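Dear colleague,

Please find the structure below, followed by a short account of what was found in it.

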Amino acid sequence: MTSEAFMREALRLADQAEQLGEVPVGAVVVKDNQIIGRGYNQPISSHDPTAHAEIVALRDAAKKLGNYRLTDCDLYVTIEPCAMCAGAIVHSRIHKVYFGAMEPKAGALVSTQQFFSLPHLNYQVEQESGLMEFACKEKIQGFFRDKRSRAAQNLAK
């Protein structure tokens, strides 16, 4: 499979989050060119503030491998991870993170800070942004555009 195929799967998972009324973010963990972990945002539906797509995918992969260390694994996520997810990525020893769109308010890899470059970290994670950026950006922006439109319609009633 290609990087684009992995990101397409992450986008498909983001659709699942959106169907639940969650912010549409999806993630997959890949090892040896196979998806071993899948996740989508579900903090609202699961009543769990840590249930971001990345965390769910990391948990799924760790369970499948029987190890919390995900060395030699890559993470594909539709949106730039937040600080909580960046911390979990470092602790899990993910090799590389590929993300689609920047997250200007909460993204912790590029937008608000360079989390993986913090000097005190005992493990360095590689990153690459912009994979299928347009599709990932449209997914999240479309969700919030529709949400604002529905809110405005409700106010007008």
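The buried residues of α4 are C85, A86, G87, I89, V90 and S92. Here, buried means under 20% relative accessible area, with exposed over 50% and partly exposed in between (1.4 Å probe, protein chains only); helices (H or I, at least four residues) and strands (E, at least two) are DSSP runs, numbered from the N terminus.

This is a predicted model, in which local features need pLDDT of at least 70 and side-chain atom pairs count only at pLDDT 80 or more, while totals for chains, interfaces and linings use all residues. Residues are numbered from 1 along each chain as its sequence is written, and side-chain values use heavy atoms, with hydrogens and water left out.

The buried residues of α4 pack against α3, β3 and β4, where contact means heavy atoms within 4.5 Å. Just after α4, R93 has a positive phi of about 70°. F116 touches A86, I89 and V90, among others; residues up to four places away in sequence are not counted.

**The sheet**

Five strands form an open sheet with mixed pairing, in the order β2-β1-β3-β4-β5. Two strands pair if DSSP finds at least two bridges between them. The edge strands, β2 and β5 (126–129), each pair on one side only. Within the sheet, β3 and β4 are paired in the parallel sense over five bridges, and V77 stands opposite F99 in β4.

Yours sincerely
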